[in-house]
Amino acid sequence: MSGSPRRKPVSLQRSAPPQTPLPPLVIVRDSPLHGLGVFAARRIAGGARIIEYLGEHVSHEEADRRYRHKDALDNHTFLFIVDARTVIDAGVDGNEARFVNHSCAPNCVSVTENRRVFIDALRTIEPGEELTYDYLIQRESDDPPDIDAIFACRCGVERCRGTLLWPPRRAAPRGRRARRR
Ligand SMILES: [Zn+2]
């Protein structure tokens with residue numbers, strides 16, 4: 001027997017299926033949660049890195065300067081606070097990641113690595129499922145009294161905490177009992 005591999009007939013090579021790129025992993029469309037959302041177009045394995053949160057990296061001062069005239073919700077919708085120095089403004093050179101909505105029972109998580117932010121799957125996500133992560137927007141000392149209303153959560157899960165803010169409730173002032181109705 002000959003030891004040399006047989007060449008495939010040319011006709012078979014021609015009939016090989018053309019290389020089709022995989023369909024996109026996610027698509028953006030109207031969301032029942034809020035505005036536009038990001039949905040799985042294919043099955044996504046738990047732990048998979050789905051998308052990077054892209055945008056211009058700016059200082060907090062620059063982000064404040066850009067958006068101080070917008071209302072607070074707009075302000076945070078396309079801004080991702082990376083750390084004390086850096087904010088990603090997805091309003092500039094952003095991608096689909098900026099449309100991923102918040103949920104109090106999310107199927108994704110935001111992961112920060114070397115000042116880059118990624119959205120990873122927490123579990124298997126089936127085609128058609130909306131991607132969500134917990135925004136965990138930090139409370140700040142100069143928040144207005146109606147901050148919880150501004151950042152009200154309507155994610156609809158059973159254990160919705162009612163706000164995108166974290167921690168869920170403002171700490172009671174020291175030396176004073178929280179007033180009860
Ligand atoms: Zn919620």
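## Ground rules

Two strands count as paired if DSSP finds at least two bridges between them. Strands themselves are DSSP runs of E with at least two residues, helices are runs of H or I with at least four, and both are numbered from the N terminus.

This is a predicted model, where local features need pLDDT of at least 70, side-chain atom pairs count only at pLDDT 80 or more, and totals for chains, interfaces and linings use all residues. Residues are numbered from 1 along each chain as its sequence is written.

Strand β1 (residues 26–30) runs antiparallel to strand β2 (residues 36–40), and 5 bridges join the two.

Together β1 and β2 make a hairpin with 5 residues between them. Have a look at Gly 35 in the turn: its phi is positive, about 50°.

## A three-stranded open sheet

Another piece to pick out is an open sheet of 3 strands, ordered β3-β9-β8 with antiparallel pairing. β3 (49–52) and β8 (108–113) each have a single partner strand, so one side of each is left without a neighbour in the sheet. On average, neighbouring strands here are turned by 30° against each other, direction ignored (axes are lines fitted to C-alpha atoms).

β3 pairs with β9 (residues 116–121) over 3 bridges, in the antiparallel sense. Within that pairing, Arg 49 has Asp 120 of β9 as its bridge partner.

## The whole protein

Overall there are 4 helices and 12 strands. Of the 181 residues, 20% are buried (20 or more other C-beta atoms within 10 Å of the residue's own, with C-beta atoms placed from the backbone).

Key: Axes fitted to C-alpha atoms, helices over the stretch in contact; angles between N-to-C directions. Buried ≥ 20, exposed ≤ 12 C-beta atoms within 10 Å, placed from the backbone.
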